[in-house]
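Please look over the sequence and the three-dimensional structure shown here before reading on.

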Amino acid sequence: MKINEKIFKHRRMKGLSQEDLASAIGVSRQSISKWETGESMPETGKLKLLADCLGVNVDYLLSEDDVKNNGYEKDSLVSLIKGAVNRYGWLFGARMAIVGAITIIGGVLFTVHHHHQYQSILKDLGIEQSFFPMDNFSYILFFIIFLGVVELVLGIFLAKYLKNKENNL
């Protein structure tokens with residue numbers, strides 16, 4: 001894929017008009033149009049800013065082979081996250097927060113169910129416990145709830161950050 005195709009593709013993926021991209025970089029809309037049609041190339045001084053606005057790196061823009069995904073190694077976790085952020089923007093953070101909330105709810109429901117089941121087994125055995133029993137499975141459930149909380153909080157902060165970043169473009 002050539003640089004003009006990459007500029008067009010990633011500008012559209014980010015939901016930017018030619019005017020939006022031009023004002024973010026400090027060039028005219030006609031310059032963006034010429035870059036996208038292949039009539040001219042971006043100035044060297046504008047490449048870093050262009051790559052940042054498009055969510056890719058300069059190496060990716062300048063290379064003609066499409067071996068890399070947006071300039072990052074295809075199989076890395078960073079690549080997957082950056083690809084999702086580039087594709088969905090702030091909605092990626094919102095989806096992450098929703099998954100975190102679902103994880104918390106599921107963890108709490110399983111913990112309550114496990115507690116009641118564990119208490120009934122102890123009662124059948126004639127053992128009375130007034131405190132919450134902690135076995136290995138309970139620790140796993142609490143860890144799952146903790147991960148859900150972390151994902152929820154990170155998702156909210158990521159969504160807010162990306163939304164502010166989009167509004168500033």
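## Basis of the model

This is a predicted model, in which local features need pLDDT of at least 70 and side-chain atom pairs count only at pLDDT 80 or more, while totals for chains, interfaces and linings use all residues. Residues are numbered from 1 along each chain as its sequence is written, and side-chain values use heavy atoms, with hydrogens and water left out.

## The chain as a whole

The protein chain has eight helices and zero strands, where helices (H or I, at least four residues) and strands (E, at least two) are DSSP runs numbered from the N terminus. Along the sequence this gives the pattern α-α-α-α-α-α-α-α.

Of the 169 residues in the protein chain, 31% are buried; buried means under 20% relative accessible area, exposed over 50%, and partly exposed in between, with a 1.4 Å probe and protein chains only. The accessible surface comes to about 10,800 Å², and 62% of this surface belongs to carbon and sulfur atoms; the areas come from the Shrake-Rupley method with a 1.4 Å probe, and for residues only the protein chains shown count as cover. Among contacts (heavy atoms within 4.5 Å) with a separation of 6 or more, 56% join residues 24 or more positions apart.

## Two helix pairs

Two packed helices are described by the angle between their axes and the distance between the axes. Here axes are lines fitted to C-alpha atoms, for helices over the stretch in contact, and angles run from 0 to 180 degrees between N-to-C directions. Angles under 35 degrees count as roughly parallel, over 145 as roughly antiparallel, 65 to 115 as roughly perpendicular and the rest as oblique.

The axes of helix H1 (residues 3-13) and helix H4 (residues 44-54) come within 9 Å and cross at roughly 40°, which makes H1 oblique to H4. On the H1 side the contact is made by Ile3, Ile7, His10 and Arg11, and on the H4 side by Leu47, Leu50 and Leu54. By class, these are five nonpolar, one polar and one charged residues, where Ala, Val, Leu, Ile, Met, Phe, Trp, Tyr, Cys and Pro count as nonpolar, Asp, Glu, Lys and Arg as charged, and the others, Gly among them, as polar.

Helix H2 (residues 18-25) and helix H3 (residues 29-37) pack at an angle of about 110° with their axes 8 Å apart, so H2 is roughly perpendicular to H3. Residues in this contact include Leu21 and Ile25 of H2 and Ile32 and Trp35 of H3.

## The largest nonpolar core

A nonpolar core is a set of buried Ala, Val, Leu, Ile, Met, Phe, Trp, Tyr and Cys residues joined through side-chain atoms within 4.5 Å. The largest one has 16 residues, of which Ile7, Leu21, Ile25, Leu50, Leu54 and Leu61 touch the most other members. H1, H2, H3, H4 and helix H5 (58-62) each supply at least two residues, and H4 gives the most, with five.

Leaving aside residues up to four places away in sequence, Ile7 touches Leu21, Trp35, Glu36, Pro42, Leu50, Leu54 and Leu61.

Leu141 lies in helix H8 (residues 136-168) and counts as buried, at 4% relative accessibility. Beyond its neighbours within four places in sequence, Leu141 is in contact with Phe110, Thr111 and His114.

Ala94 lies in helix H7 (residues 90-124) and counts as partly exposed, at 22% relative accessibility. Apart from residues up to four places away in sequence, Ala94 touches Gly155 and Ala159.
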